[in-house]
Amino acid sequence: MSSLDDSLRRILAVEGVRSAALIDLATGMVVRSAGDEPAALPAIADSVSQEARAADSAQGPQRPGGGLDEIALNTAGRLQLTKVLDARRP
């Protein structure tokens, strides 16, 4: 099992979590997912990536509060939390 699969399974171990996914915010594509994957996951991934790009561009070049960290989205049946990871690891 890859460390990515292990990480997604650890997220699923949190009480109440039904699904977890790694999304490439540059393309809106689902890299990997686990749990009860909703049928609309590709559309959700695309929507999250658009929101992240819009929020990131709204901050402008000065980035007064730093980079985008999290996105919270509430729908009728779900609370979706998105943690933005920096691909540039030291």
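Arg 32 is partly exposed, with a relative accessible area of 33%; here partly exposed covers the span between buried (under 20% relative accessible area) and exposed (over 50%), using a 1.4 Å probe and protein chains only. The model is a predicted one, in which local features need pLDDT of at least 70 and side-chain atom pairs count only at pLDDT 80 or more, while totals for chains, interfaces and linings use all residues. Residues are numbered from 1 along each chain as its sequence is written, and side-chain values use heavy atoms, with hydrogens and water left out.

Arg 32 has a partner: its side chain meets that of Asp 5 in a salt bridge, with N and O 3.0 Å apart. The term stands for a side-chain nitrogen of Lys or Arg within 4 Å of a carboxyl oxygen of Asp or Glu. Asp 5 sits in helix H1 (residues 3-12) and Arg 32 in strand E2 (residues 29-35), so the pair ties together parts that are 27 residues apart in sequence. Side chains of opposite charge can pair when their charged atoms come close. The structure holds two salt bridges, and another pairing of this kind links Arg 10 with Asp 6, whose closest N and O atoms are 2.9 Å apart. Arg 10 and Asp 6 are four residues apart in helix H1, which puts about one helical turn between them. Arg 10 counts as exposed at 54% relative accessibility, whereas Asp 6, at 32%, counts as partly exposed.

As for the overall layout, the protein has two helices and four strands, arranged along the sequence as α-β-β-α-β-β. Helices (H or I, at least four residues) and strands (E, at least two) are DSSP runs, numbered from the N terminus. Of the 90 residues, 18% count as buried. The protein exposes about 6,700 Å², with carbon and sulfur atoms supplying 53% of that area; accessible areas come from the Shrake-Rupley method with a 1.4 Å probe, and for residues only the protein chains shown count as cover. Among contacts (heavy atoms within 4.5 Å) between residues at least 6 apart in sequence, 24% join residues at least 24 apart.

Now to the strands, which count as paired if DSSP finds at least two bridges between them. Strand E1 (residues 19-24) and E2 run antiparallel and are joined by six bridges, with Ala 20 standing opposite Ala 34 in E2. E1 and E2 form a hairpin with four residues between them, and Gly 28 in the turn has a positive phi of about 80°. Strand E3 (residues 70-74) pairs with strand E4 (residues 79-83), also in the antiparallel sense, over five bridges. A hairpin of four residues joins E3 to E4. Across this pair, Ile 71 stands opposite Thr 82 and Leu 73 opposite Gln 80. E4 has a covered face made up of Gln 80 and Thr 82, and an uncovered one with Leu 79, Leu 81 and Lys 83.

Back in helix H1 there is Ile 11, which counts as partly exposed at 41% relative accessibility. Leaving out residues up to four places away in sequence, Ile 11 touches Val 17 and Ala 20. Ile 11 and Ala 34 are 23 residues apart in sequence, yet their C-alpha atoms lie 9.3 Å apart in space.

Helix H2 (residues 41-58) contains Ser 49, and at 0% relative accessibility Ser 49 counts as buried. The Ser 49 side chain reaches the backbone oxygen of Asp 46 at 2.8 Å. Setting aside neighbours within four places in sequence, Ser 49 is in contact with Asp 24, Leu 25 and Gly 28.

Finally, the nonpolar side chains. The largest nonpolar core has five residues, namely Val 48, Ala 52, Leu 68, Ile 71 and Val 84; such a core is a set of buried Ala, Val, Leu, Ile, Met, Phe, Trp, Tyr and Cys residues joined through side-chain atoms within 4.5 Å. In soluble globular proteins, nonpolar side chains tend to be buried together. One member of the core, Val 84, touches Leu 25, Leu 68, Asp 69 and Glu 70, not counting residues up to four places away in sequence.

How values were computed. A polar contact is a pair of N or O atoms within 3.5 Å; within protein, one must be able to donate a hydrogen and the other to accept it, and residues adjacent in sequence count only if both atoms are side-chain atoms.
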